[in-house]
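Work through the exercises below with the sequence and the model open. Try each task before reading its solution.

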Amino acid sequence: MLYQYSHRLGAYAPGLDPDAKAYIAAVETALSSSISADQKNAINTFFKTGKSAGWYSSIKRLYLPIWADAAANAIDMISLTSGTFPVGGVDQSNVGYVQSNGTTGYFDMGVNPTSLGLTTSSESLFALVKTISSTVLTSDYLMGCFESTSETLFLSGNWRGTINTTTGDGNISNQLGTNNNGIVVLDREGGKRGIYLRRNSGLSTVIETTSPDAGSVPNSQNLYAMALNLSGTASISRNDELGAWGAGLGLGATKRDSFSLALKDLWETASGLTLP
Amino acid sequence: MILTGYIVDEPARDTLVAAIDSAQESRGRRCLHLGAAYIHAGASAGNYFIGLADSDLTQKVAGIMLKDYPEFQDIIASLGGLDARVQLDSADLIDPNAEIEP
């Protein structure tokens, strides 16, 4: 009787956050099967933490491609809409991450940054990089979009960020060594812009500076992951193993710390892997 | 990098993409292989490339392997079967006029 009772509790997750419940349902529908109780609880904890810590409303798109299934991997946790892997070329056979072939594989979020509400004073891009690409030049783009030299938003290299303008005000560059995988966050908030990296050892600042709000947020080109949307053409040259990616409003130090930790916990529990 | 797949012209590309889209949309989610890469250089310049490596055949979409979709067999048959796949140098897919930001 005790076994049956505990088994029932293990399979049932009472008190699910409604948005967590909706995402879980979408994933299970896509998979045509159930996910584990541990995965459900991890998703639930992520949503609840986000709402209590105040960063949930800042996250506009977040993809968790850990399901070894293209349909489930393409579902946005926030809006429940689906992005697309337009030309294949993405290995989706692994639990915990996906990987572009570095030539044709990329992901289209189906939305431009302005439509998500990003502004020149509040914007962020983020990704969970399990294994960093074998190529890490500044022109190897992880994610983002480009419309003109004063209307662009992307992460590249390892790491480099360009926010709205390619003049000195917009570029943030700090080309580190090769072991810079983890959760990378490009963040502009509170008059600061920077690149931040969470690894198992903690969250660190790769580079940070202050600047005026130069340039404009792209408003006609969709955000891509595993590539840059270069005025409508995918620029693909990286083969990182990615466990998550997304975009949102600016986070700032406190929310960035909480969000990146929550994402780490979600990914590790749901995938069974460990953040580097 | 050498890629494996099919080279088609624009009308054929549109037909194929529509068929792939329909197969996925009818099941509730469209997410994969909904486009083709334009071939910029080489003998097939001006045409489109639809990649289909052996590893793609066992990729899952909504719980079913790509090769197990009923529509997949019809689509592949219309292209001449898996043996009709060709190889393409990935360099042919790079747009020489793309202005990459430094």
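Contact here means heavy atoms within 4.5 Å. This is a predicted model, in which local features need pLDDT of at least 70, side-chain atom pairs count only at pLDDT 80 or more, and totals for chains, interfaces and linings use all residues. Residues are numbered from 1 along each chain as its sequence is written, chains are lettered from A and ligands numbered from 1 in the order in which they are written, and side-chain values use heavy atoms, with hydrogens and water left out.

**Exercise 1. Describe the fold and surface of chain B.**

Step 1. Count the elements: chain B has three helices and six strands. Helices (H or I, at least four residues) and strands (E, at least two) are DSSP runs, numbered from the N terminus.

Step 2. Take the dimensions: the C-alpha trace of chain B spans about 40 × 30 × 25 Å along its principal axes.

Step 3. Look at contacts in chain B between residues at least 6 apart in sequence: 64% of them join residues at least 24 apart.

Step 4. Turn to burial. Chain B has 102 residues, and 40% of them count as buried. Buried means under 20% relative accessible area, exposed over 50%, and partly exposed in between (1.4 Å probe, protein chains only).

Step 5. The accessible surface of chain B is about 5,400 Å², with 52% belonging to carbon and sulfur atoms. Such areas come from the Shrake-Rupley method with a 1.4 Å probe; for residues, only the protein chains shown count as cover.

Step 6. Locate the charges. Chain B carries 7 positive and 16 negative charges, and their mean positions are 12 Å apart. Lys and Arg count as positive and Asp and Glu as negative, while His and the chain ends are not counted; the place of a charge is NZ of Lys, CZ of Arg, CG of Asp or CD of Glu.

**Exercise 2. How much area do chain B and chain A bury between them?**

Step 1. The size of an interface is often given as the accessible area lost when the parts come together. Buried area is the accessible area (1.4 Å probe) that two parts lose on being put together, summed over both.

Step 2. For chain B and chain A this comes to about 2,100 Å², 56% of it on carbon and sulfur atoms.

Step 3. Chain B gives 24 residues to the contact and chain A gives 34 residues.

Step 4. Zero salt bridges are counted between the two chains; a salt bridge is a side-chain nitrogen of Lys or Arg within 4 Å of a carboxyl oxygen of Asp or Glu.

**Exercise 3. Is Arg61(A) buried or exposed?**

Step 1. Arg61(A) sits in strand E1 (residues 59-63) of chain A.

Step 2. Arg61(A) counts as buried because its relative accessibility is 13%.

Step 3. Leaving aside neighbours within four places in sequence, Arg61(A) is in contact with residues including Asp76(A), Met109(A), Phe126(A) and Trp245(A).

**Exercise 4. Describe the backbone at His33(B), Ser231(A) and Trp159(A).**

Step 1. Most residues other than glycine have a negative phi, and most peptide bonds are trans.

Step 2. His33(B) has a positive phi, near 60 degrees. His33(B) lies in the loop between helix H1 (10-25) and strand E2 (37-38) of chain B and is buried at 7% relative accessibility.

Step 3. Ser231(A) also has a positive phi, near 50 degrees, and is partly exposed at 41%.

Step 4. The peptide bond from Asn158(A) to Trp159(A) is cis, with omega near 5 degrees.
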